[in-house]
Amino acid sequence: MLFAFSIAPATAADESGSVSDAVADVIQVVRDSGLPHRTDAMFTTVEGEWDECLAVIKAACEACAQHSPRVSLVLKADLRPGRTGELDGKLERLEAKIAGRQG
């Protein structure tokens, strides 16, 4: 199962509006989890089973809450029990499909 999420404090640490310290703490939780993951400019995606992924997302929200009394969470899930390797597999199938159309 894939869980894509974005976690950020609802209030910035200073007048610059930066939330990078909070986001860095969130990503550290994900990295420490040992789950397969990928982070891009807008979302982090983790792969695993329900309970393990949601535990990581909860811990990441708690890390963010150390920076702000209010935390924003956006969550999207692709629930396909029994499938693994989808973090890369979905992209590989998409690229193969696109490459097949270019001929």
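Which residue stands opposite Ile7 in S4? The residue is Leu73. The model is predicted: local features need pLDDT of at least 70, side-chain atom pairs count only at pLDDT 80 or more, and totals for chains, interfaces and linings use all residues. Residues are numbered from 1 along each chain as its sequence is written, and side-chain values use heavy atoms, with hydrogens and water left out.

Helices (H or I, at least four residues) and strands (E, at least two) are DSSP runs, numbered from the N terminus. Four strands form an open sheet in the order S2-S3-S1-S4, with antiparallel pairing. Two strands pair if DSSP finds at least two bridges between them. S2 and S4 (71–78) are the edge strands, and each pairs on one side only. On average, neighbouring strands of this sheet are turned by 15° against each other, direction ignored. Axes here are lines fitted to C-alpha atoms, for helices over the stretch in contact; angles run from 0 to 180 degrees between N-to-C directions. The antiparallel pairing of S1 with S4 extends over 8 bridges.

H3 packs on the sheet and touches S1, S2, S3 and S4. The direction of H3 makes about 65° with that of S2. H1 lies across S1, S2 and S3 and runs at about 150° to S1. Contact means heavy atoms within 4.5 Å.

Helix H1 covers residues 20–33. Its 14 residues should span 20 Å at 1.5 Å a residue, and the end C-alpha atoms are 20 Å apart, which agrees. The expected span is 1.5 Å times one less than the number of residues. Ala22, Val26, Ile27 and Val30 are the buried residues of H1. Seen down the helix axis, they fall within an arc of 135°, so they line one face of H1. The arc is that of the directions from the helix axis to the C-beta atoms. An α-helix has 3.6 residues a turn, so residues three or four places apart point the same way. The buried residues of H1 pack against S1 (2–9), S2 (37–39), S3 (44–47) and helix H2 (50–65). Asp21, Arg31 and Asp32 are exposed on the other side of H1. Buried means under 20% relative accessible area, exposed over 50%, and partly exposed in between (1.4 Å probe, protein chains only). Just after H1, Gly34 takes a positive phi of about 80°.

Glu86 belongs to helix H3 (residues 86–101). Glu86 counts as buried, at 7% relative accessibility. Neighbours within four places in sequence aside, Glu86 is in contact with Leu2, Glu47, Arg80 and Arg93.
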